Amino acid sequence: DEAWPKAQPVARSGRDWTPDFSLGDIVDGVVVRVTASAVYVELVSAPGREAILDVPLELRRQFRREDQVLGMRVEEVEAGGKLLLSLEEPLLNVEDPEPPPLPAT
């Protein structure tokens with residue numbers, strides 16, 4: 001397994017981001033927080049820039065801080081460059097120990 005790059009903290013300037021992403025762009029990111037309504041990710045291609053990943057509640061519960069998420073699609077670019085992302089085929093790289101063995105049959 002090759003190690004994936006970790007998002008590095010970046011000092012935020014407080015200014016709005018310019019919308020440099022387009023609808024349909026595919027981006028990768030790292031989960032920075034999970035709330036009852038959304039998953040927030042920091043974009044690997046733009047360290048320090050957060051976006052909202054909109055996923056169903058059942059899937060949202062599986063995300064943890066620092067999970068790496070691949071293949072998110074840009075669904076909306078709002079004023080100030082705020083991004084709303086979606087996942088067609090979720091792929092998570094979760095740093096858990098080996099899965100438990102399957103029960104004997």
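E66 lies in the loop between α1 and β4, where helices (DSSP runs of H or I, at least four residues) and strands (E, at least two) are numbered from the N terminus. Phi of E66 is near 75 degrees, a positive value in a residue other than glycine. Most residues other than glycine have a negative phi, and most peptide bonds are trans. E66 counts as partly exposed, because its relative accessibility is 42%; buried means under 20% relative accessible area, exposed over 50%, and partly exposed in between, with a 1.4 Å probe and protein chains only.

This is a predicted model, in which local features need pLDDT of at least 70, side-chain atom pairs count only at pLDDT 80 or more, and totals for chains, interfaces and linings use all residues. Residues are numbered from 1 along each chain as its sequence is written, and side-chain values use heavy atoms, with hydrogens and water left out.

D67 is in the loop between α1 (57-60) and β4. D67 is buried, because its relative accessibility is 4%. A polar atom of the D67 side chain lies 2.7 Å from the backbone nitrogen of R64. Such a polar contact is a pair of N or O atoms within 3.5 Å; within protein, one must be able to donate a hydrogen and the other to accept it, and residues adjacent in sequence count only if both atoms are side-chain atoms. D67 and G29 are 38 residues apart along the chain, and 8.4 Å separates their C-alpha atoms.

The chain as a whole has one helix and six strands, in the order β-β-β-α-β-β-β along the sequence. Of its 105 residues, 30% are buried. Contact means heavy atoms within 4.5 Å. Among contacts between residues at least 6 apart in sequence, 58% join residues at least 24 apart.

In soluble globular proteins, nonpolar side chains tend to be buried together. Here the largest nonpolar core has 18 residues, of which V41, L43, L53, F63, M72 and L85 touch the most other members. A nonpolar core is a set of buried Ala, Val, Leu, Ile, Met, Phe, Trp, Tyr and Cys residues joined through side-chain atoms within 4.5 Å. Two or more residues come from each of β1 (26-34), β2 (39-43), β3 (50-53), β4 (68-77) and β5 (83-87). Leaving aside neighbours within four places in sequence, L43 contacts F21, V27, D28, G29, R49, A51, L83 and L85.

E42, in strand β2, counts as buried because its relative accessibility is 6%. The E42 side chain reaches the backbone nitrogen of G48 at 2.6 Å. S86 belongs to strand β5 and is buried because its relative accessible area is 15%. The side chains of S86 and E75 are joined by a polar contact of 2.6 Å. Not counting residues up to four places away in sequence, S86 touches L53, D54, G71, M72, R73 and E75.

The charged end of R33 sits over the ring of Y40, 4.1 Å from its centre; the criterion is NZ of Lys or CZ of Arg within 6 Å of the ring centre and within 35 degrees of the ring normal.
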